[in-house]
Amino acid sequence: MTLSDFEAARVQLYHNDHSKTGVPYPPALDNSLSRQQCHQAYEAIRQWPGYEPTPLRRLSGLAADLGVAEVLYKDEGSRFGLGSFKALGGAYAVLRLLVREVEQRTGKPVHDREIADRLHEDLVSQITVATATDGNHGRSVAWGARQFGCGCKIYMHAGVSEERARAVEDYGAEVVRVNGNYDESVRRAAQDAADNGWFIVSDTSYEGYMELPRQVMAGYTVMTQEILSQLPGGQVPTHVFLQGGVGGLAAAVAAHLWQAFGTARPRLVIVEPTRADCLYQSAVSGVPTAVHITEETVMAGLSCGEVSQLAWQILSDGADDFMTIEDDLVAPAMRLLASGGAGEPVVAGESAVAGLAGLIAAAGQQALASALGLDGTSRILVIGTEGATDPAIYKALVGQDPDSIAA
């Protein structure tokens, strides 16, 4: 498949009539994700061993081919050695949970650094965290649990590869397999945690469970804080194309860029697999809407049927457009990046390229490009959320070993 083949891609596009384009970040949304929470996460995470900003790559070749001014690709493949932006969210939420629990048990204020430096190891070792995952979030929670010294249980549904399960086990976590899909693994993890006195650290939120998903989202905004300092010439992007999933990433980026740029914020386009389009369906219906996943998408990290309620509080007004794409666009987008045809060669996993594939498809179809306001002045930001987190799947889709491309 070449770029011309994207022109015939089957794409659904829905414009959100409720989006508050041209409106400052509403004060009410501080209850969902505040500037202070974003700042606190950045100050904590940038002190972790191994922290360094991930690159913002200029895909100049792709920009020229699409007829836009610029395409910027935030490459999260090297994040903390975990291969994914999720390293920022799950591990940070584990930290905030442990701070809260140690404060409650000692009756004294506790600083993040005290947990990171293992000053309360006797109490922390008595705590167990648990979560459901398609792979990357669980890896982050497991990594955080090992880093800070607590126990960890990771629930994975039948569609998650053995390679991703082993990667979690490498951090000392216990993997619990669940028959069914991601949403069923979420329910099983929640029930087992309630029965055993464990603490759920989820990247999705639901009624009565908001605080830790909020901290996960705050962790994600470390990416956008880095982007603010990396933008060429400080120019604000006109568009951001972002992956969907439960909505946590999209909501975090939407909120932080809205806070930073106010009425000049970029146009936000959410891109999802057709097979797991809960955000698209929620936008169409106007309320959070679950979808039943009958066939798993190749974009494993986006195979989510239920919207995060916390994320929807932001996206219902902060997202401008919702798009769905078919799975057959994924491998070509991955191969395009690997070949260097877009710019320098980039290793991008199957869930990393949804936003990029959506952009290419939209720019190549005149009606879609016009509807989204894409033209020669457009400066587009996409976030490559993962590298080759499962090298075997990557090689099967791209036809090359990820290490050879990285070299």
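Predicted model: local features only at pLDDT ≥ 70, side-chain atom pairs only at ≥ 80, totals over all residues.
Ala, Val, Leu, Ile, Met, Phe, Trp, Tyr, Cys and Pro count as nonpolar; Asp, Glu, Lys and Arg count as charged; the others, Gly among them, are polar.

Residues are numbered from 1 along each chain as its sequence is written, and side-chain values use heavy atoms, with hydrogens and water left out.

Cavities, then. Rolling a probe the size of a water molecule over the atoms shows where empty space is left. Here a cavity is a set of points, on a 1 Å grid over the protein atoms alone, where a 1.4 Å probe fits but cannot get out; lining residues have an atom within 4 Å of a point. Grid points are joined across faces, edges and corners, and the volume is the space filled by probe spheres set on the points.

How many cavities of 30 Å³ or more does the structure hold? Three. Helices (H or I, at least four residues) and strands (E, at least two) are DSSP runs, numbered from the N terminus.

H11 supplies the largest share, four residues. Seven lining residues are nonpolar, one is polar and one is charged.

Next, cysteines. A disulfide needs two cysteine sulfur atoms within 2.5 Å. The count is zero. For Cys 152, the nearest cysteine sulfur belongs to Cys 150, 6.7 Å away. For Cys 304, that of Cys 278 is nearest, at 6.4 Å. Buried means under 20% relative accessible area, exposed over 50%, partly exposed in between, with a 1.4 Å probe and protein chains only. Cys 152 is buried at 11%, and Cys 304 is buried at 3%.

Last stop, Gly 387. Gly 387 sits in the loop between strand E11 (379–384) and helix H17 (391–398). Buried or exposed? Gly 387 is buried, at 5%. Beyond its neighbours within four places in sequence, Gly 387 contacts (heavy atoms within 4.5 Å) Gly 77, Gly 83, Val 347, Ala 348 and Gly 349.

Definitions and conventions
1 Å grid on protein atoms, 1.4 Å probe; cavity = no way out; pocket = protein on both sides within 12 Å on 5 of 7 lines; lining within 4 Å.
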